[in-house]
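Here is a short briefing to keep beside you while you look through the model. Please have the sequence and the 3D view open together.

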Amino acid sequence: MAEMQPIARSTSPAGHVLGHKLDSIPFSRYHLMLIAVLSLVGFVDGYDLVMTGSLLVLANQPLHLTPDQIRFLAIASTMMIVVVGFIASAISDHYSRKTIMLIGVAGLTFFTLLLTLVQTGEQLIVVRLLTGLAGGFAVFAPFPIAAELMPAQHRRTFAAVYEMALACSFALLPFVGFLLAGNPNAFRLMALPGGLAFFVVPAMIYFLIPESPRWYLRRGDTAVAVDTVNRVIRQAGNRVPALTPATLGSNAQMVREELPPYRALFRRGQLRWTAIGISSYVFCGTAFFLISVLLPKALVDQGAAVSLSFGVSTLVFTASIPGKGFTGFLMEVIGRRWTIFYALAGSLPGLFLMMMAHRAGPYATAMMIAGALMTGFTTLSAATAFRIYLAEQFPTALRGRGHAFGESTGRVFSGVLAPFLMEPHTGSATIFFGTILVVVAVGAFIPLLFGRETVGQLETVTEGAPAPA
């Protein structure tokens with residue numbers, strides 16, 4: 001870990017003591033509540049943002065979308081997420097992460113509700129741009145928040161449940177599309193549940209999710225940080241002694257500790273881990289975005305019925321629900337890096353089956369379904385590991401900015417460029433599925449060859465050896 005220390009030295013021994021205290025709190029119903037609320041946030045985020053793939057099919061005829069509108073619609077929300085994500089990455093460690101998530105979720109659900117009112121392709125694109133604008137603040141916040149609130153050994157629990165909630169929303173969307181296929185108002189009816197969450201989810205975030213004590217400590221709000229830790233201890237059943245300011249020692253920061261500059265993400269000692277986190281996101285994310293955004297359209301372009309395309313999409317994401325749970329279990333057994341390798345390399349047979357299904361004659365549908373189930377259980381389940389892996393590449397002073405910057409940069413390639421470049425080629429099974437196959441084959445080896453393992457207390461992993469208590 002010596003390579004991290006040029007940036008790590010800004011962390012006080014008090015930070016290590018506070019981190020150890022948070023990690024020592026036994027898992028409880030309170031932690032389950034935090035996981036449940038953040039996972040609901042993930043479900044809503046996933047439902048509202050990944051609606052693009054269904055919109056490409058369901059809104060095409062009712063709104064008379066042109067080919068150029070379809071191509072731009074495929075990347076509109078993700079493109080804005082990337083733009084705003086860079087803004088969020090610049091402010092995340094300076095301002096409340098909880099507030100950023102709250103504003104983002106409120107805007108995301110409100111603009112999704114506006115989908116029920118659109119009448120033209122231009123209006124649809126504008127609303128999706130606004131949805132991505134809000135989503136840029138919403139999608140990056142849960143993982144840094146959870147990484148700093150959950151005990152180290154239970155971050156995998158959060159990651160697995162959160163990603164399973166995402167997978168449920170991804171599976172629900174094409175299933176709803178399947179049920180509504182043929183209804184001219186299908187895309188409006190699909191948007192209604194995600195939009196109505198505007199009246200529920202922001203309030204739950206405000207009242208039930210605490211701010212990170214680590215974030216308070218770095219700002220010099222030692223008393224508030226201690227009070228927040230003790231509130232978590234009480235809510236978790238008072239099974240460990242309360243934290244006192246004296247416990248933090250004479251080195252507790254009584255004044256605001258200056259954050260390292262944004263360029264610290266690229267300094268010697270940190271640049272390698274920033275690059276590893278981004279590259280992991282790029283390869284895993286490219287497979288996800290090509291499937292989530294373009295798979296229904298690709299299957300229709302390759303000759304499948306609309307109902308079958310939504311059915312296969314439902315199956316691939318349904319398979320990712322248990323897959324993400326298994327990935328969450330596996331990442332603590334064999335580590336983050338080997339789990340990412342398993343998830344990507346393990347999908348190669350499934351992707352090959354999907355690529356070759358059109359040549360299987362009467363067995364084409366069975367081969368496509370088998371490949372979809374295998375791919376969903378593996379590659380689409382990789383996010384459980386790689387998003388926690390990304391958050392753990394950065395010290396506390398850089399984690400909010402680093403995670404948002406990493407996801408935003410990764411989405412430039414995986415969520416914007418990849419779908420934009422592949423949309424004209426969805427009619428070719430060899431090009432579409434073959435590209436995904438090559439991407440995951442390369443990406444499986446990146447963390448394994450160039451990364452490091454990051455299991456452990458955040459301060460130990462990213463900020464040097466902990467000071468003695």
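What follows is a walk through some helix contacts, aromatic pairs and individual residues.

Please keep in mind that this is a predicted model.

**Helix α6 against helix α21**

- The crossing of α6 past α21 is left-handed.
- On the α6 side, the residues that meet α21 are R71, I75, T78, M79, I81, V82, G85, F86, A88, S89 and A90.
- Their partners on the α21 side are R401, A404, F405, S408, T409, R411, V412, G415, V416, P419, F420 and L421.
- Sorted by class, this contact holds 14 nonpolar, 6 polar and 3 charged residues.

**Helix α20 against helix α21**

- By class, the contact of α20 with α21 has 2 nonpolar, 2 polar and 3 charged residues.

**A closer look at R411**

- R411 sits in helix α21 and is among the residues of that helix that meet α6.
- Is R411 buried or exposed? R411 is buried, as its relative accessible area is 8%.
- Setting aside residues up to four places away in sequence, R411 touches T78, I81, V82, V139, F140, Y281, F289 and V416.
- Of these neighbours, T78, I81 and V82 also belong to the α6 side of the contact between α6 and α21.

**Aromatic pairs and a cluster**

- The model has a count of 22 aromatic pairs.
- One of them is F43 with Y47: the ring centres are 6.4 Å apart and the planes are at 25°, so the pair is stacked.
- F43 and Y47 are 4 residues apart in helix α3 (residues 29–49), and so are separated by about one helical turn.
- F43 counts as partly exposed because its relative accessibility is 26%, whereas Y47 counts as buried at 4%.
- F110 and F111 form an edge-to-face pair, with 5.5 Å from centre to centre and 65° between the planes.
- F110 counts as partly exposed at 35% relative accessibility, while F111 is buried with a relative accessible area of 17%.
- F86, Y262, F266 and F405 form one aromatic cluster. F86 in α6 and F405 in α21 are also listed among the residues of the contact between those helices.

- Y30 lies in helix α3 and counts as buried, at 9% relative accessibility.
- Which residues does Y30 contact, leaving aside its neighbours within four places in sequence? They are P210, V232, Q235 and A236.
- Y30 and F137 are 107 residues apart along the chain, and their C-alpha atoms are separated by 25 Å.
- F199 is placed in the loop between α11 (186–196) and α12 (201–208), and counts as exposed at 57% relative accessibility.
- F199 and A106 are 93 residues apart along the chain, with 8.5 Å between their C-alpha atoms.

- H64 has a phi near 55°, a positive value in a residue other than glycine.
- H64 is found in the loop between α5 (60–63) and α6, and is exposed with a relative accessible area of 64%.
- N238 is not a glycine either, and its phi is positive at about 55°.
- N238 is located in the loop between α14 (222–235) and α15 (271–301), and is exposed with a relative accessible area of 51%.

How values were computed:
Residues numbered from 1 in each chain as written. Predicted model: local features only at pLDDT ≥ 70, side-chain atom pairs only at ≥ 80, totals over all residues. Heavy atoms only, no water. Left-handed = near helix turned anticlockwise from the far one by under 90°. Helix = DSSP H or I, 4+ residues; strand = E, 2+ residues; numbered from the N terminus. Contact = heavy atoms within 4.5 Å. Nonpolar A, V, L, I, M, F, W, Y, C, P; charged D, E, K, R; others polar. Phe/Tyr/Trp six-rings, centres within 6.5 Å; stacked < 30°, edge-to-face > 60°. Buried < 20%, exposed > 50% of the residue type's maximum accessible area, 1.4 Å probe, protein only.
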